[in-house]
Amino acid sequence: MSSSSIYGIRKDYTGEEILEYKNSWCFSPIIWSVLPDKYIHDYIQTPFGFKKGIIGMDGNDVWTRTNKIINKCDNTPDRVCWEMSNQQIFHTSDKQIISNSIMQFLKQNDTYDVSEEDNIPVLKREHIIERFTEIANDILSIDENEFPYFVFKNTTVDDGVERWFKKYNKKSDEYVSCAMSENTDSFYAEFVFFKDGKIDKFVSNKDYQFES
């Protein structure tokens with residue numbers, strides 16, 4: 001079974017996995033099912049008895065439509081959880097806002113994505129509540145001095161985050177460890193900035209001013 005994790009990013013922009021969660025289906029995929037149901041409910045309904053989803057044949061379109069609406073909305077818990085599930089980079093100094101947002105996400109969205117089998121919304125299931133709460137509490141425990149930044153990695157199925165900290169060495173013909181600041185040739189994520197308790201802007205890894 002795949003797992004998810006939190007990667008801490010040091011002041012020198014090297015990173016390491018600092019927290020791991022078994023069963024990666026208990027966080028990001030939940031966000032991906034709840035938010036489309038909330039914001040584009042009519043669009044994801046089909047006459048065939050199932051819903052379109054981010055994980056599936058219509059995934060890109062569902063993601064694009066959801067992303068467009070969420071980026072324009074003023075709902076901080078939804079926006080924070082959405083960006084976490086998209087593996088964006090957060091400043092650990094904002095960890096209280098992020099932790100609070102995860103817990104608020106649970107409460108304000110517990111009527112969406114209702115199961116046809118037992119009529120229970122996904123965010124009212126005990127094991128899902130436990131996972132969101134665990135992640136919210138763990139984020140508060142991250143040492144800001146050791147890890148000024150962090151990112152939530154969705155699954156071990158791919159190495160999308162690990163590649164931020166590796167670089168190909170032509171001489172040795174292998175990938176070697178490196179800092180994020182050495183991997184700015186291509187886009188892979190954005191740094192999230194808050195202002196007055198709300199998401200204010202994003203800066204891509206290609207444009208971010210890495211401090212030496």
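Strand β1 (residues 3-9) is largely enclosed by the rest of the structure, because seven of its seven residues are buried. Buried here denotes under 20% relative accessible area, exposed over 50%, and partly exposed the range in between, with a 1.4 Å probe and protein chains only. Strands (E, at least two residues) and helices (H or I, at least four) are DSSP runs numbered from the N terminus. The model is predicted, so local features need pLDDT of at least 70 and side-chain atom pairs count only at pLDDT 80 or more, whereas totals for chains, interfaces and linings use all residues. Residues are numbered from 1 along each chain as its sequence is written, and side-chain values use heavy atoms, with hydrogens and water left out.

In a regular strand the side chains alternate between the two faces of the sheet. In β1, S3, S5, Y7 and I9 point one way, while S4, I6 and G8 point the other way, and all are buried. Two strands are taken to pair if DSSP finds at least two bridges between them. β1 runs antiparallel to strand β2 (residues 15-22), to which seven bridges join it; there, S5 has E20 of β2 as its bridge partner. The two strands form a hairpin with five residues between them, and Y13 in the turn has a positive phi of about 70°. β1 also pairs with β4 in the antiparallel sense, over five bridges, and I6 stands opposite F152 of β4.

α1 is mostly covered, with nine of its 12 residues buried, among them W32, V34 and L35. The elements that cover these buried residues include α2, α3, α4, α5 (95-108), α6 (126-140) and β4 (149-153), contact being heavy atoms within 4.5 Å.

Helix α3 (residues 59-72) has 14 residues and should span 20 Å at 1.5 Å a residue, which agrees with its end C-alpha atoms being 20 Å apart. Its buried residues are G59, V62, T66, N67 and I70. Seen down the axis of α3, these buried residues fall within an arc of 125°, so they line one face of the helix; the arc is that of the directions from the helix axis to the C-beta atoms. The buried residues of α3 pack against α1 (28-39), α2 (41-44) and α4 (76-85). On the face of α3 turned away from its buried side lie the exposed residues N60, K68 and K72.

Notes. The expected span of a helix is 1.5 Å times one less than its number of residues.
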